[in-house]
Amino acid sequence: MRLSTSPAWEKLQQLAETNSTIHLRELFAGNAHRFKEFSLCHDGILLDFSKQRINSEILTALHQLWNSSDAPDLISGMRNGEEINLTEGRAVLHTALRYSGPKPVMSNGMNVMTDVRRVLVQMEKFCTEVHQGVWRGATGQPIRRIVNIGIGGSDLGPKMAVRALAAHGIPQLRVEFVSNIDASHLLSVLCDCDPATTLFIIASKTFTTQETMQNAVSARAWLVAALGEEAVAKHFVAVSTNLDAVAKFGIDPANSFEFWDWVGGRFSLWSAIGLPLALAVGMGNFRQFLAGGEAMDQHFFSAPVDQNLPLTLALLDIWNTNFLGADTRAMLPYSQSLELLPRFLQQLEMESNGKRIDRHGAVLDYASAPIVWGEAGTNGQHAFYQLIHQGGHLIPCEFLALIEPDVDLPGHHQKLLSHCFAQSEALMTGKTQSEAEAELGHAAAGTSTDRQRVLAVNKTFPGNQPSSTLLLPRLDPYYLGQLVALYEHKVAALGALWNINSFDQFGVELGKQLANRLLPMIEGNAPLSGVDSSTTGLIYACRRPAKR
Ligand code: F6P
């Protein structure tokens with residue numbers, strides 16, 4: 001049965017209609033226990049979803065939607081190493097990367113845990129050698145700068161995590177990230193690096209991605225120009241599933257860290273793709289990060305739907321997207337250390353679930369992933385919050401805050417929290433015109449002039465903007481692991497419910513193909529033919545020297 005014709009889906013449609021005029025203010029006024037009823041706590045992580053436009057009937061119907069669907073079976077298939085990534089014929093086993101138990105985890109008749117643990121030991125040895133100055137550059141100096149060259153899943157996760165855990169960083173080592181093919185990115189990092197103390201990690205699942213390969217070639221040329229060809233062995237390591245291509249590039253196989261095709265790029269932070277994180281914070285902290293991920297796995301796989309954090313987040317996305325019609329979700333971490341989380345989630349959520357074809361090849365008759373965007377608070381308040389409050393769009397918001405600050409100065413953290421909580425309150429309650437008039441002090445006296453009335457209308461806020469708030473006890477490796485795994489499972493649960501394959505990404509292929517076709521034309525090595533007039537015009541404009 002199609003999801004959209006299931007009784008649970010139809011029930012939710014009815015509930016969306018019958019509740020369409022109810023305001024969040026009224027829901028709070030009518031139920032003193034809303035917070036208690038619509039919040040969950042797991043291992044110190046609090047999810048308050050009482051400011052979502054739901055009631056207990058809607059929540060129960062969402063639970064029924066999950067329980068009556070095939071999604072729980074798909075999630076079990078993921079856990080058991082089945083090839084649930086049908087289009088690529090692969091298992092989806094990133095949870096094995098953080099599993100510490102004694103059981104085998106099988107894929108294609110092999111226990112993947114043997115390889116997982118071998119690479120963790122290799123990472124540990126390498127990190128220790130770099131930290132203790134045993135691993136030295138070609139001139140005998142210790143490594144002081146790590147430059148990770150990768151893009152997408154080989155960049156966004158480790159970059160976000162290194163930034164998030166900066167307070168746990170090993171002081172003598174700086175970790176930088178280069179992803180863009182724009183030379184400005186690589187050059188802006190290299191201009192501040194000493195070749196003798198710099199180590200490059202070339203991170204690419206496929207080891208064919210054009211941006212990464214071009215940046216790797218240029219970085220290699222920069223190093224060789226300074227220290228000679230022999231230096232490459234001491235200044236380049238690679239992380240990939242394609243060890244043949246790594247060897248062809250000229251990186252010593254002993255300096256290669258393997259991962260496997262059953263790890264999706266955007267789910268790969270737990271593998272050797274996390275090497276920059278392990279170097280930045282130490283392997284002990286990296287193992288804590290894995291432990292946090294594993295704790296969230298246990299919760300996700302065992303907690304009942306009404307207690308399950310990732311499932312609750314997923315079902316709220318379903319409600320807002322498919323029944324209230326929201327097509328975006330704002331991700332608003334009130335933590336500067338988590339400033340890169342929205343970008344990481346953009347790939348995780350939109351590359352996974354931004355799809356219109358179901359697992360059987362049929363076009364979906366409902367929306368899938370909303371557009372994810374956002375910015376750290378309080379910065380976003382001074383940029384785009386105006387639109388969220390008064391722009392008239394339905395924008396579900398996800399606030400995130402730390403109970404205990406990771407870094408602090410007197411007077412900062414409480415103010416930060418006050419803004420976070422005030423924003424969700426303001427989005428929920430809004431401000432009526434009569435409240436605005438009362439504030440302006442002229443309504444009661446009936447002295448309102450036209451200008452005053454216009455002013456009061458401008459100062460009203462419709463409110464009723466749904467939001468959730470996630471509170472982490474603190475931002476340490478363990479809770480970062482919980483947080484990342486929470487969103488990974490939310491994404492998997494959503495994909496399973498929408499009946500799409502969350503683990504392929506064919507939508508990125510066409511642009512790559514066309515860029516390969518255009519490149520020789522832009523270089524002037526191929527005739528400009530078979531190209532539309534817009535693209536032809538743009539290529540000509542770049543070929544001609546600019547005239548002023
Ligand atoms: O943009 C598509 C993509 O394949 C992502 O899914 C992936 O994370 C990124 O490119 C980088 O790929 P690789 O790690 O193979 O270089």
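**The ligand and its pocket**

Helix α21 is the greatest contributor to the lining of the largest pocket, giving eight residues. In this predicted model, α21 spans 509-523 and is joined by α7 (156-164), α9 (210-227) and α15 (341-353), each of which supplies at least two residues of that lining. The volume of the largest pocket is about 1,100 Å³. Its lining is made up of 46 residues, of which Ile 151, Thr 209, Glu 351, Val 508 and Lys 512 are the closest to the centre. Sorted by class, the lining residues comprise 19 polar, 15 nonpolar and twelve charged.

It is this largest pocket that holds the ligand. Around the ligand are 14 residues, and those that come nearest are Ser 154, Ser 204, Thr 206, Thr 209 and Glu 351. The shell around the ligand contains eight polar, four charged and two nonpolar residues.

Glu 351 places a polar side-chain atom 2.6 Å from a ligand oxygen, and for Gln 347 a polar side-chain atom lies 3.2 Å from an oxygen atom of the ligand. Gly 153 contributes through its backbone instead, with an N or O atom 2.7 Å from a ligand oxygen. On its own, the ligand has 390 Å² of accessible area, and the protein covers 87% of it.

Terms used:
Residues are numbered from 1 along each chain as its sequence is written. This is a predicted model: local features need pLDDT of at least 70, side-chain atom pairs count only at pLDDT 80 or more; totals for chains, interfaces and linings use all residues. Side-chain values use heavy atoms; hydrogens and water are left out. A residue is near a molecule or strand if one of its heavy atoms lies within 4 Å of it. A polar contact is a pair of N or O atoms within 3.5 Å; within protein, one must be able to donate a hydrogen and the other to accept it, and residues adjacent in sequence count only if both atoms are side-chain atoms. Accessible areas come from the Shrake-Rupley method with a 1.4 Å probe; for residues, only the protein chains shown count as cover. On a 1 Å grid over the protein atoms alone, a cavity is a set of points where a 1.4 Å probe fits but cannot get out, and a pocket is an open set with protein on both sides within 12 Å along at least five of seven lines; lining residues have an atom within 4 Å of a point. A molecule sits in a cavity or pocket if more than half of its atoms lie within 2 Å of its grid points. Ala, Val, Leu, Ile, Met, Phe, Trp, Tyr, Cys and Pro count as nonpolar, Asp, Glu, Lys and Arg as charged, and the others, Gly among them, as polar. Grid points are joined across faces, edges and corners, and a volume is the space filled by probe spheres set on the points. Helices (H or I, at least four residues) and strands (E, at least two) are DSSP runs, numbered from the N terminus.
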